[in-house]
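This briefing is meant for a reader who is meeting the structure for the first time. It begins with a pair of helices and then widens to their surroundings.

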Amino acid sequence: MTGASVLAGPEVDNNAYGEPSDQIIDDLDNAADLRDIIRAYKDRRVVDNYILDLGSSGPKTAIIFPPIIFGIGKGPVKQRSVQVPSLARATLLQRVSLYLGRGLSRWGIVHVSELADLFVKLVENAVDATPSPIWNENGLFFAEKGFEVRSWPNIFQLIHADPFSLFQSFKDVASVIAKEAHSLGYIDSPDSVKSMNLEESNAVIPNGSVFLGTNGQGRASRAKKLLGWQPDGESFQSAVRETIIAEAAQLRLVSRSH
């Protein structure tokens with residue numbers, strides 16, 4: 001399992017962090033393009049290339065490229081993801097929600113339970129002896145639920161007008177965190193959001209410039225069409241609220257509303 005930042009490439013001009021990209025890859029229609037990207041960076045995508053090199057004569061293989069994973073995990077070991085908890089923690093400490101540059105770079109989003117469900121569907125398919133065109137060189141899966149539609153007005157006009165709106169910009173993420181942090185009484189205003197530079201982003205998250213400033217716009221058509229995967233779990237806004245509460249508890253912060 002690797003990250004959707006495969007779409008960003010290994011080198012990004014410093015001025016491009018936080019900027020949008022018009023590159024959107026569909027993992028079903030553009031599978032060959034995705035393989036080409038992986039092959040182009042053999043020194044950076046060592047595991048991915050090793051798996052592709054196994055070919056169809058080896059075991060059934062699949063590579064999943066998750067976008068922003070949100071929500072609190074239910075497993076016994078690691079329950080915390082990367083971007084949203086780190087941004088929530090920074091918001092609580094600095095009392096303002098943050099994004100990198102102009103905050104216009106976009107990734108998809110997926111709840112951790114929805115991602116787990118995709119793994120389950122792959123395992124179920126793997127134990128079926130019926131030949132299936134979803135493995136090995138075809139086994140490249142994005143795992144996004146697209147744009148969070150339940151919390152935003154006029155979303156249907158927005159999606160129709162702007163294909164990028166199917167993905168979550170980091171300024172959007174910062175806005176949701178600010179609203180929920182304010183609602184919970186941890187920051188002064190629901191509009192407390194501001195830009196940060198590369199150095200500041202790398203302090204929020206190790207390699208934050210990559211995690212917060214690149215684009216990972218990959219449509220998860222393969223899992224939805226070939227496996228019947230339906231990412232219809234908890235809403236982004238609700239999960240952000242739970243994450244802020246969890247981070248505040250770890251920091252032993254007391255809400256002003258209590």
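In this predicted model, a contact joins helix H3 and helix H10: Val84, Pro85, Ala88, Arg89, Leu92 and Leu93 in H3 meet Phe236, Val240, Thr243, Ile244, Glu247, Ala248, Gln250 and Leu251 in H10. Sorted by class, the residues of this contact are 10 nonpolar, 2 polar and 2 charged. The protein chain around them has 258 residues, of which 47% count as buried, and it contains 10 helices and 10 strands. Among its contacts between residues at least 6 apart in sequence, 81% join residues at least 24 apart.

**H3 against H10**

- Two packed helices are described by the angle between their axes and the distance between the axes.
- The crossing of H3 and H10 is right-handed.

**H3 against H6**

- Helix H3, made of residues 83–94, also packs against helix H6, made of residues 170–183, with axes that come within 10 Å and cross at roughly 50°, and H3 is therefore oblique to H6.
- The crossing of H3 and H6 is right-handed, and the contact is made by Gln83, Val84, Leu87, Ala88 and Thr91 on the side of H3 and by Phe170, Val173, Ile177 and Ala181 on the side of H6.
- The residues of the contact of H3 with H6 divide into 7 nonpolar and 2 polar, with no charged residue among them.
- An α-helix has 3.6 residues a turn, so residues three or four places apart point the same way.

**H6 against H10**

- Helices H6 and H10 pack on each other as well, their axes coming within 9 Å and crossing at roughly 55°, and these two helices are therefore oblique to each other.
- H6 passes H10 in a right-handed crossing, in which Val173, Val176, Ile177, Glu180, Ala181 and Ser183 in H6 meet Phe236, Gln237, Val240, Arg241 and Ile244 in H10.
- By class, the contact of H6 with H10 holds 7 nonpolar, 2 polar and 2 charged residues.

- The buried residues of H6 are Phe170, Asp172, Val173, Ala174, Ser175, Val176, Ile177, Ala178, Glu180 and Ala181.
- Just after H6, the chain reaches Gly185, which takes a positive phi of about 90°.

**The segment after H10**

- Helix H10 covers residues 236–251, and Arg252 lies in the segment after it, where Arg252 has a positive phi of about 60° although it is not a glycine.
- Arg252 counts as exposed because its relative accessibility is 76%.
- Leu253 is in the segment after H10 too, but with a relative accessible area of 33% Leu253 is partly exposed.
- Leaving aside its neighbours within four places in sequence, Leu253 is in contact with Leu92, Tyr186 and Ala248; the C-alpha atoms of Leu253 and Tyr186 are separated by 8.3 Å, although the two residues are 67 residues apart along the chain.
- Val254, also found in the segment after H10, is exposed, with a relative accessible area of 68%.
- The C-alpha atoms of Val254 and Gly185 are separated by 8.7 Å, while 69 residues along the chain lie between their positions as a sequence separation.

**Positive phi at Asn207**

- Most residues other than glycine have a negative phi.
- Asn207, by contrast, has a phi near 60°, a positive value in a residue other than glycine.
- Asn207 is found in the loop between helix H7, residues 198–204, and helix H8, residues 208–213, and it counts as exposed because its relative accessibility is 54%.

Note on methods
Residues numbered from 1 in each chain as written. Predicted model: local features only at pLDDT ≥ 70, side-chain atom pairs only at ≥ 80, totals over all residues. Heavy atoms only, no water. Axes fitted to C-alpha atoms, helices over the stretch in contact; angles between N-to-C directions. Helix = DSSP H or I, 4+ residues; strand = E, 2+ residues; numbered from the N terminus. Parallel < 35°, antiparallel > 145°, perpendicular 65-115°, else oblique. Left-handed = near helix turned anticlockwise from the far one by under 90°. Contact = heavy atoms within 4.5 Å. Nonpolar A, V, L, I, M, F, W, Y, C, P; charged D, E, K, R; others polar. Buried < 20%, exposed > 50% of the residue type's maximum accessible area, 1.4 Å probe, protein only.
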